[in-house]
Amino acid sequence: MSAVDVEIDQYLSGVRAALADLPTEVQDDLVDDLPAHFAELLDEHRGPLVERLGPPEVYAAELRTAAGLGARTGTRRRWPAVNEDLADKAAALARTADLKIGAVIGYPKATDFVRLLRPAWWVFRAYIVTLLFFEVTLHENPIYNPVGWVVLIALALLSVRIGPITPRLVRWARGPAVLAAAVAVLVALAASPGRTYYQPSSDGYSDRWSQVTDVYPYDKNGNPLSDIYLYDQNGTPMEFGDAWRCATEDQRYGSQPYIPRYPLCKGPVMASPSASPSTSPSPSSSPSPSASPSLAPSPSPSK
Amino acid sequence: MHSTLHRVDTTQLLKGVLDLAVLAALRDDDGYGYDILRRLRAAGLDDVGDASVYGTLRRLFQGGFLTTYVVPSEEGPHRKYYALNAAGRAQLGSSSKVWRTFAQTMDRLIEEPGVAS
């Protein structure tokens, strides 16, 4: 490549960059004549094209104005509805925010910091791909599968090796690619392991029992038991459903702290034993939770 | 709002008539971009911008006033020649009329005081 060609190429790429918001065919069309023209100019008169023609951006601006394409908007011309002034203001606001947030976290610009996170994204996107693949094909999370780890590590290595993908894509595909990545992240977060496991709530019973509204204890002979206190391993009284549902006035408003006794309500909801639950208030067993005796209720049911 | 007082300069004037100028430059002979630029400059339009001519050529071509053909050159890249078609000639005719009327009007308007009236 001769020095002339290099000069032409450089100037031309400057012009093209300033036309980058236009569809590719229009760009091609606009610059079609230019290499021959530049070559001729340089033939007549050696020296940088910038001296003859001014900066490439200015040249490009003149080219597009004369071609009736309007000034560069910063956004794609496909959305002419975007008020240019508004877009400018938004861009200025974004720049200010970039600097302000950057100052808070100790970087010149917030985007400088975000740029540092790019390798992390390369690893994370490998995780997303692995996760989605395993979820779709095997309906399981790859981190519970040794094969998953192998795939994940292999993909992560590949992903880091590839590095940034967006600049390699043709222009029209960049927006959709970023959008697809965003959707994939959201789907992956929704499918992340936390989804299937409920955290135990603070009062000690897990969601598995949320459907249970009452408990009907029986002894080994099939006799229904009543006024049973239930405690968990911490000595905390267990509550199912609305523990106050069938509480007496006394239990509700009495001085004693209310601890539910099961069955909460006298009901015919029995399945196997033929005997209906006895309604006699005689307690057949008194609870003695070892873990926390302080919580042990007084065994006397007389209230 | 800032006042937008334009000093009359040829660059401003050219914007309105560049189409006509380019069509006129192609009336007698086909030409490639740099050809046309040279003709315009030789005719006295020194201020005509390089990129303006290329942009105008594209717009006129898109508008259906020009045809193009490629001529390979011995040295360097090929050249795209532009030629007026029937629509281009018609456009040249009507634009010329508009221009003449406009120019005469302006002439009368700016003639020395006393001569007018």
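A nonpolar patch here joins nonpolar side chains (Val, Leu, Ile, Met, Phe, Trp, Tyr) within 5 Å, using residues with over 30% relative accessible area and no salt bridge. This is a predicted model, in which local features need pLDDT of at least 70 and side-chain atom pairs count only at pLDDT 80 or more, while totals for chains, interfaces and linings use all residues. Residues are numbered from 1 along each chain as its sequence is written, chains are lettered from A in the order in which they are written, and side-chain values use heavy atoms, without hydrogens and water.

**Surface of chain A**
- Ile101(A), Val104(A), Ile105(A), Tyr107(A), Phe113(A), Val114(A), Leu116(A) and Leu117(A) form a nonpolar surface patch with about 720 Å² of accessible area together (Shrake-Rupley method, 1.4 Å probe, only the protein chains shown counting as cover).
- Helices α6 (84-105) and α7 (110-116) of chain A each supply at least two of the patch residues (helices are DSSP runs of H or I, at least four residues; strands are runs of E, at least two).

**Sheet of chain B**
- Three strands of chain B form an open, antiparallel sheet in the order β1-β3-β2 (strands pair if DSSP finds at least two bridges between them).
- Its edge strands are β1 (31-32) and β2 (66-71) of chain B.
- Gly31(B) stands opposite Tyr82(B) in β3(B).

**Interface**
- In chain B, 19 residues are in contact with 22 residues of chain A (heavy atoms within 4.5 Å).
- Six salt bridges cross the interface of chain B and chain A (a side-chain nitrogen of Lys or Arg within 4 Å of a carboxyl oxygen of Asp or Glu).
- Glu40(A) forms a salt bridge with Arg38(B), their closest N and O atoms being 2.9 Å apart.

Key:
Patch = residues over 30% accessible without salt bridge, like charges linked within 9 Å, V, L, I, M, F, W, Y side chains within 5 Å.
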